[in-house]
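Good morning, and thank you for the time on today's agenda.

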Amino acid sequence: MEALLMQRAAAPAVARCRCVSEAALAGHGGQPCGAVRLAVAWRAGGAVRARLGPARAHLSVEPGKEASGEQVESEEEGEEEAVRLFVGLPEDVVSNGRAVNRPQAVSAALRALKLLGVDGFELPVSWAVVQPGSGDWFEWAGYLAVAGMVRDAGLGLRVSLNTDGAALPVWIADAAAADPDILFTDRSGTRRDGCLSFAVDELPVLVGKSPLQAYEAFFRSFANAFHDFLGSVVTDVTVSLGPNGELRYPSYPPGSGGDDGYAGVGEFQCYDKYMMARLKRHAESSGQPLWGLSGPHDAPRYGESPESSAFFRESGGSCDTAYGGFFLSWYAGELLAHGDRVLAAASSVFGGVPVELSAKVPLLRGPRAAEATAGLPGGYWPVAEMFARHACTVIASGVDAAGSGPAGELLARIKDTCREHGAALAAESTPLAVARGGAGSGSAGTWAALLAGDRTRPRQFTYQRMGADFFSPGHWPLFVQFVRALEWPEEAHGDDLPASGEDGERLTVPRPASAAQSDATEVRSM
């Protein structure tokens with residue numbers, strides 16, 4: 001199965017290596033166009049990949065190839081680099097800290113995706129896996145093995161240090177069971193499992209340590225264990241700032257996870273005793289002690305529209321009163337202060353290390369009231385300023401080409417804000433994004449317009465994530481289209497799926513009906 005998978009994945013690479021320089025010189029319709037496009041630069045092993053279009057020349061050299069003396073042609077003055085493409089590895093690629101799950105399937109997938117043309121992979125690191133106990137012992141063997149596999153494949157690696165949700169260690173869950181108020185709480189008293197309240201960042205609520213101290217110890221242990229990979233194989237480290245790794249409150253309904261397309265208003269998450277104590281102190285220092293007794297009593301519940309509540313009502317809503325301004329300012333300020341504290345801890349560890357520090361912000365597509373309950377009532381301006389102070393790249397999380405008009409405008413606004421403050425922009429997709437929402441949402445042309453357009457192009461894009469359905473016939477061909485569209489945006493068409501041979505067979509992963517059924521099942525079950 002591995003050989004078959006690699007052969008099929010190589011098909012679009014062969015297609016991309018066809019020389020089109022004569023057509024480019026002639027231009028469309030045979031008329032001179034004044035631009036040369038050379039599409040033959042694929043070397044043995046895929047070490048150098050050409051991404052050359054009209055009025056553009058850029059050779060990307062993969063990690064470890066610079067020292068070989070290969071020439072790197074710089075892009076034209078004033079033009080941004082082509083998007084670097086990463087693919088997320090499975091969440092459970094390491095589950096016990098010591099070994100790689102399904103290593104043969106992982107190795108086959110790495111080789112196949114390298115042949116397809118990706119730049120590297122994103123490795124999700126679970127805090128729960130590497131630090132199962134509250135002591136100072138960390139187990140990195142499994143994740144180091146994955147990094148070695150990526151290095152041997154000649155590709156780059158982004159690492160996400162996850163400290164939320166299922167990535168919270170058992171010993172922290174035990175601390176939450178003893179003191180449930182260290183978890184975010186909504187107005188009904190519902191606790192948010194896996195989401196530590198920002199109000200306890202600096203309090204010794206975790207077996208005598210504060211969450212910030214625990215985060216920094218986790219970061220530092222990683223930096224020490226991966227010392228030989230940092231700056232060569234590992235080029236980027238992402239730290240978690242909240243639920244799903246994003247800088248936001250868990251304002252979505254309990255049980256939804258926040259990554260399932262919820263577009264409601266949500267609820268404020270400020271009702272644990274530690275957040276309420278901070279609100280009380282802030283109200284008293286502002287000369288309005290009564291404002292610190294509770295959160296807004298007239299805010300909407302989950303699933304309710306803004307107009308159904310007095311707080312967000314368009315005409316005469318409480319959010320526009322002095323009290324509303326006070327509360328929303330405090331609520332957003334607590335979010336930004338948390339992000340600032342965690343990025344400061346990460347900067348103290350990675351500041352002198354040759355890797356790019358990054359963190360995620362959500363793409364909020366709901367009404368403006370949803371931005372307020374998530375903690376971003378002022379949009380992304382203060383977030384970009386805070387990220388820039390820490391030289392941290394902003395990752396716009398949850399990009400989906402479905403409804404690409406609104407998504408594109410939002411991504412463009414974030415990019416403009418980042419540029420204004422000097423922060424770099426990267427992006428990350430929703431899970432298996434090219435297959436979401438029907439055929440139109442995953443069209444190659446739509447993705448090309450979103451990720452290759454000047455107004456919305458991120459410096460790198462992480463496609464999430466390898467798993468049970470990634471290599472399935474319902475997803476893999478669409479992903480091949482997507483990669484080709486990213487390489488050749490001016491030639492992308494929705495039905496432009498490359499053939500795997502002269503017979504025109506469509507690129508797919510066959511159902512496990514051959515003698516290689518066991519290998520096929522292994523790869524497709526990642």
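This is a predicted model: local features need pLDDT of at least 70, side-chain atom pairs count only at pLDDT 80 or more; totals for chains, interfaces and linings use all residues.

Residues are numbered from 1 along each chain as its sequence is written, and side-chain values use heavy atoms, with hydrogens and water left out.

Let me begin with the overall picture. The secondary structure comes to 15 helices and 12 strands; helices (H or I, at least four residues) and strands (E, at least two) are DSSP runs, numbered from the N terminus. Of the 526 residues in the chain, 55% are buried. Here buried means under 20% relative accessible area, exposed means over 50%, and partly exposed lies in between, with a 1.4 Å probe and protein chains only. Among contacts between residues at least 6 apart in sequence, 72% join residues at least 24 apart, where contact means heavy atoms within 4.5 Å.

I turn now to the aromatic rings. How many aromatic pairs does a search of the whole structure find? The search finds 39. Rings of Phe, Tyr and Trp (its six-membered ring) pair if their centres lie within 6.5 Å; planes under 30 degrees apart count as stacked, over 60 as edge-to-face, and the rest as tilted.

A tilted pair is formed by tryptophan 291 and phenylalanine 326, at 5.3 Å centre to centre and 45 degrees between the planes. This pair also links distant parts of the chain: tryptophan 291 is in the loop between helix 8 (273-285) and helix 9 (322-350), and phenylalanine 326, 35 residues apart from it, is in helix 9. Tryptophan 291 counts as partly exposed because its relative accessibility is 24%, whereas phenylalanine 326 is buried, at 10%. Both belong to a cluster linked by ring pairs, which also includes Phe184, Phe198, Tyr249 and Trp330.

Next, the helices. Two packed helices are described by the angle between their axes and the distance between the axes. How do helix 7 and helix 9 stand to each other, and what is the angle at which they cross? The axes of helix 7 (residues 211-225) and helix 9 come within 9 Å and cross at roughly 30 degrees. Axes are lines fitted to C-alpha atoms, for helices over the stretch in contact, and angles run from 0 to 180 degrees between N-to-C directions. The two helices are therefore roughly parallel to each other, since angles under 35 degrees count as roughly parallel, over 145 as roughly antiparallel, 65 to 115 as roughly perpendicular and the rest as oblique.

Residues of helix 7 including Leu212, Tyr215 and Phe219 meet residues of helix 9, among them Val342, Ala345 and Val349.

Histidine 475 is placed in the loop between strand 12 (460-463) and helix 14 (476-487). Is histidine 475 buried or exposed? With a relative accessible area of 2%, histidine 475 is buried. Not counting residues up to four places away in sequence, histidine 475 touches Leu432, Val434, Ala435, Tyr463, Asp469 and Phe470.

Arginine 465 is found in that loop between strand 12 and helix 14 too, and a cis peptide bond, with omega about -15 degrees, joins glutamine 464 to arginine 465. Most residues other than glycine have a negative phi, and most peptide bonds are trans.

Valine 207, in the loop between strand 7 (191-196) and helix 7, is not a glycine, yet has a positive phi of about 50 degrees. At 54% relative accessibility, valine 207 counts as exposed.
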